Amino acid sequence: MQNLINSVHDGLSSHAYIFEGAKGLDLRGSARLFAAALTCRDRAIAPCGACQVCKETRADTNPDIVYVNSGDKKSIGAEQMRALEEDVAIKPFAAARKVYIIEDGAQLTEAAQNVFLKTFEEPPEYAVFIIIIENLAPLLETVLSRFTLIHFPRVSDARVKEYITGKYPEETDRLDFLVRYCAGIPGEADRIISDEYFETLRAESLEKLDALFSSDRISAFSVSGFAEQNKDRFNEILDFWISFSRDIILLQNGSEDKIINIDKKTELERFAARLDPGTVVKISEKTIKAQKMLARYVNIKAAAMWLAL
Ligand SMILES: [Zn+2]
């Protein structure tokens, strides 16, 4: 991030960036900070934090920073991109730059990306585009080749711990679990802690583990029924199952110090003692595959049934 800010000071910033990294790493916050630097009146120390433009950026009212998202639609299509193109043609209001932050690049359809590329053949001097995206898969090669890629890595467990203890001093009992489950993404802690249903869902997913590891029809219906009941959160249930299976495999290999669900260790040990290691690996791989199926819009019931049988 500091390199990007320095590039503004040196007048070396470019027109197009992709910020790639996990949700929960606050890429939007980083994009806003960079946009603040790009639009600040005092380039040498941008973002100065004191000029009128900086104040507006902080209040999210800087007219020269445009946030682009699909609104109530599912994706950003070619038409929306064409409308944006017209906006790009209008000069900045007060700053030397006009920054467009595309909040979720995964929403860009292929047609939209193509319109975008055309805009890019000759972007106005003042325009800067930032695409925020979790992984690069949805972007066309031609887009990737024209944008400067900034990868945001996960942070260390020590930093996640610092973040949680600083912001949520009351979270002492499950601190170790939280640090491990967040896997280097501090924003995950915000999501989990603010979610009242998280622990219930995790406990219920653990209870369903028996059915998941059995291959009879009754168990299969029990798993798919559970998935149906929690349709909106099935992806998260799969996350739990993946992490439980991983922990069981670790326990079977004597690496208990590495398990994520430390608070559920006793229950997981029982599974580790009872289950055949080959079966656990197989189910674990299948669960990961089910998650990929869901990402391709296979329906939940079908994915759950396939997983359980
Ligand atoms: Zn400023």
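In which helix does Arg 270 lie? Arg 270 belongs to helix H14, which covers residues 265-274, helices (H or I, at least four residues) and strands (E, at least two) being DSSP runs numbered from the N terminus. The structure is a predicted model, in which local features need pLDDT of at least 70 and side-chain atom pairs count only at pLDDT 80 or more, whereas totals for chains, interfaces and linings use all residues. Residues are numbered from 1 along each chain as its sequence is written.

Arg 270 is classed as exposed because 12 other C-beta atoms lie within 10 Å, where 12 or fewer such atoms, placed from the backbone, define an exposed residue, 20 or more a buried one, and counts in between a partly exposed one. Between Arg 270 and Leu 251, which are 19 residues apart in sequence, the C-alpha to C-alpha distance is 9.9 Å.

The protein chain comprises 16 helices and 5 strands, and 31% of its 309 residues are buried. Its C-alpha atoms fill a box of roughly 65 × 40 × 30 Å along the principal axes.

An automatic or database domain assignment divides the chain into domain 1 (2-151), domain 2 (155-194) and domain 3 (196-308). The C-alpha centres of domain 2 and domain 3 are 23 Å apart, and their contact (C-beta atoms, placed from the backbone, within 7 Å) takes 6 residues from domain 2 and 5 residues from domain 3. On the side of domain 2 that touches domain 3, helix H8 (residues 175-182) provides the largest share, 4 residues.

Terms used: Contact = placed C-beta atoms within 7 Å.
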